[in-house]
Amino acid sequence: MNLQYPKMSNNSLLTRRRALRLGLATLTCMGAYAQGKSIARGQQAQTLEDSEREFTVVGEASLKERAAAKGLIYGGAGGFEELLDESYADAVKRECDILVVGNELKWDKIHPSQDKFDFEEGDWLVEFARDRGMLFRGHTLVWHQAVPDWLKNTIDSQNAEQLMVNHIREVAGHYAGKMHSWDVVNEALDDGEFRKTLWLDNIGPEYIDIAFRAAHEADSQAMLVYNEIGIEHDAKQREGVLKLLEELKAKGTPVHALGIQGHIWAVGYPNNVNYEELRQFLSEVASLGLKILITEMDVIDSGTPAGIETRDRLIATIYEDFLSVALDEPAVTAVLTWGLSDRYTWINSHFPRSDGLPSRPLPLDEQMNRKLAWKAMARAFDSAPSRSADCNQHCKNSVKLAGKKN
Ligand code: G3I
């Protein structure tokens, strides 16, 4: 099943109407909730059963503290305007050890015209993170969206590689030594095949290898990540990603990790996620010597019932189920949510609920209070296996970057 791309596109992916029809299917099993335990190896997600999950959490430790206790990093997305909101900035500082920015480092913001780079907001965000001892990850150097008009009007098969490499050198070079990691290439595949983008059309599939080599040349310390959407729901996407990563590793491309975005659809859950196949996929990616980051997790609740308690319980169930499986894989080293509070989520503008109610996709509510989703994440971190103490170069770099004591 193709995941509905979190930006309505005109390809064969799920349409909003079909997603809502799926929502009706969800209603039939919305009466209760899966058992309160992580999904054991060999098990599928339980169909939603009558017993209500308790989501009991011990203590008040933050998500970053619970993650760090297991050698994991937890963080979230924030934007320039959002982090000017003191209550949000305080919540980010309390809960997050790493910050990723949703839009400020994308082409349309940081490279507004061919000869102009605007690092002002990016620099402010990097300093925001460093001032609070947080790590910082860059998103994203090469993508088919957030493309400024000047690039669309200029690019051709003669200049495309130079335009892309120059952008990467300027941006990754500007932040060299400050980045935990970069999403070098984002969403190059669609349903397991190369996505038809201006990069593929003008350079060919080798644009991916070229981009990673340029990024490594510009910042040899940063962990370089291939970031992808739809892995959670789409078997063909998983196959395509695995094939691409095998090919990149075989040609010596400096790719260090896979980013699994983690935009999970509540509509259709638990039948839209195959946890046994996901476990297998994670293990195969790890066998390539790659780390794995969950880079943009949230739960899209469009098409689910209006009641807050019902919705929050379903969303929390999904967080705990998904993370309990993902964190069983030792190669998974970080989890980031795409935001931290429901006050700031892309979902309200991109997938507004038909009943007009605000979405509730994230660990904190609009008043920065911890929700069931927060408890679900806390439980997943608390029950995750500890990561081995072996700290590879990227891990050492993270420790140094955050000014943390060894
Ligand atoms: O900043 C302008 C503002 O000045 C203008 O008034 C307003 C009205 O058009 O647009 C604002 O820019 C918007 C920007 O978000 C900031 O809010 C863009 O139009 C809008 O397209 C952009 O959407 C972002 C989207 O990526 C496309 O870049 C979402 O916030 C962001 O959450 C979303 O994130 C993506 C990841 O990068 C990749 N993975 C999927 C994820 C969800 O689609």
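Predicted model: local features only at pLDDT ≥ 70, side-chain atom pairs only at ≥ 80, totals over all residues.

Residues are numbered from 1 along each chain as its sequence is written, and side-chain values use heavy atoms, with hydrogens and water left out.

Start with helix H4, residues 86-95. Helices (H or I, at least four residues) and strands (E, at least two) are DSSP runs, numbered from the N terminus. In H4, Tyr88, Ala89, Ala91, Val92 and Glu95 are buried. Buried means under 20% relative accessible area, exposed over 50%, and partly exposed in between (1.4 Å probe, protein chains only). Down the axis of H4, the buried residues fall within an arc of 160°, so they line one face of the helix. That arc is taken from the directions from the helix axis to the C-beta atoms.

What do the buried residues of H4 pack against? Their partners are helices H2 (63-68), H3 (80-83), H6 (120-131) and H15 (372-383), together with strands S1 (73-78) and S2 (98-101). Contact here means heavy atoms within 4.5 Å.

Now turn to charge. The whole structure holds 22 salt bridges. Each is a side-chain nitrogen of Lys or Arg within 4 Å of a carboxyl oxygen of Asp or Glu.

One of them joins aspartate 191 and lysine 236, at 3.6 Å from N to O. This pair links distant parts of the chain, 45 residues apart. Aspartate 191 sits in the loop between strands S5 (189-190) and S6 (193-194), and lysine 236 in helix H11 (residues 235-250). Aspartate 191 is buried, at 14% relative accessible area. Lysine 236 is partly exposed, at 47%.

Aspartate 312 and arginine 360 also pair, with their closest N and O atoms 2.7 Å apart. Again the pair links distant parts of the chain, here 48 residues apart. Aspartate 312 belongs to helix H13 (residues 308-326), and arginine 360 to the loop between helix H14 (347-350) and H15. Aspartate 312 is buried at 10% relative accessibility. Arginine 360 is buried at 15%.

Glutamate 276 and arginine 279 meet at 3.8 Å, N to O. They are three residues apart in helix H12 (residues 275-286), so about one helical turn separates them. Glutamate 276 is partly exposed at 29% relative accessible area, whereas arginine 279 is buried at 5%.

Finally, salt bridges link Arg53, Glu320, Asp321 and Arg379 in a network.
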